[in-house]
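Reader: I'm new to reading protein models, and I'd like to learn it feature by feature. Could you walk me through this one?

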Amino acid sequence: MNKSFSMVLVILVFSALLLSACGGSSTADTPNIPAEYAGKTNPLGSDAATAGKAIYDVQCASCHGESGQGDGPAGQALTPPAANLVESTAKYGDDYLYYRVAEGGTMDPYNSSMPPFKNVLSEDEIWQVVAHISTFK
Ligand code: HEC
């Protein structure tokens, strides 16, 4: 085996390794969830969504829109604008959704006007809202 051929081999093997390392991490854009929230699951049944709608309409719809498309009158002019929750609930798990409703977006990396609700809503009420937004399609 001559020298340049083994060099090519080394490069090939190395890039294959690199590629598989990247391909393996399909969770690359999964946001960081603080330990106190990571893995949380909704303890309430699916009928929680009904109670969640009443809360959502008062607390969230002005920014996120009645059906969660990020088209509420107060949400569109914000920087960043209110999230499209149809996309968010398709992408993220309950633990992330609960975390973001509880803590809002005033911290890094979000730096947004999403208000924290942990002192406004009870844990059950946050889960009810999460159950409701999870019905958005
Ligand atoms: C004052 C406007 C405003 C209100 C009211 C508001 N939000 Fe938000 N929300 C935002 C903005 C702006 C973002 C996008 C920036 C960010 O992720 O922080 C956001 C982001 C989110 C996210 C994260 C989405 C993602 O894809 O990462 C969730 C979940 C969410 N909001 C749910 C709610 C729920 C549920 C309520 C009501 C309890 C609510 N929001 C009330 C403005 C608002």
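Author: Let's start with aromatic pairs: rings of Phe, Tyr and Trp (its six-membered ring) pair if their centres lie within 6.5 Å, and planes under 30 degrees apart count as stacked, over 60 as edge-to-face and the rest as tilted. Searching the whole structure that way turns up 6 aromatic pairs. Before we go on, this is a predicted model, where local features need pLDDT of at least 70 and side-chain atom pairs count only at pLDDT 80 or more, while totals for chains, interfaces and linings use all residues. Residues are numbered from 1 along each chain as its sequence is written, and side-chain values use heavy atoms, with hydrogens and water left out.

Reader: How are the rings of Tyr-37 and Tyr-99 arranged?

Author: A pair of aromatic rings is described by the distance of the centres and the angle of the planes. The ring centres of Tyr-37 and Tyr-99 are 5.3 Å apart and the planes sit at 40°, so this pair is tilted. It links distant parts of the chain, 62 residues apart: Tyr-37 is in the loop between helix H1 (3-24) and helix H2 (48-59), and Tyr-99 is in helix H5. By the way, helices (H or I, at least four residues) and strands (E, at least two) are DSSP runs, numbered from the N terminus. Tyr-37 and Tyr-99 are both buried, where buried means under 20% relative accessible area, exposed over 50%, and partly exposed in between (1.4 Å probe, protein chains only).

Reader: And what about the rings of Tyr-56 and Phe-136?

Author: Their centres are 5.2 Å apart with planes at 75°, so that pair is edge-to-face.

Reader: How many helices and strands does the protein have?

Author: You'll find 6 helices and 0 strands. Of its 137 residues, 34% count as buried.

Reader: How many residues of H5 are buried?

Author: 9 of its 10 residues are, so H5 is largely enclosed by the rest of the structure. Its cover includes helix H4 (85-91) and H6. Just past the end of H5, Gly-104 takes a positive phi of about 70°.

Reader: Which residues does Glu-103 touch?

Author: Contact means heavy atoms within 4.5 Å. Leaving out residues up to four places away in sequence, Glu-103 touches Tyr-37, Pro-116 and Lys-118. Glu-103 belongs to helix H5 (residues 94-103), and its relative accessible area is 18%, so it is buried. Its side chain also makes a polar contact with the side chain of Tyr-37 (2.5 Å). A polar contact is a pair of N or O atoms within 3.5 Å; within protein, one must be able to donate a hydrogen and the other to accept it, and residues adjacent in sequence count only if both atoms are side-chain atoms.

Reader: Which residues coordinate the iron atom of the ligand?

Author: Donors are N, O and S atoms within 2.8 Å of the metal (3.2 Å for Na, K and Ca); water is not among the atoms, so sites may look incomplete. The iron atom is coordinated by His-64 (NE2) and Met-114 (SD), at 2.0 to 2.1 Å. His-64 lies in helix H3 (residues 61-64) and Met-114 in the loop between H5 and helix H6 (123-133), so the pair ties together parts 50 residues apart in sequence. His-64 and Met-114 are both buried.
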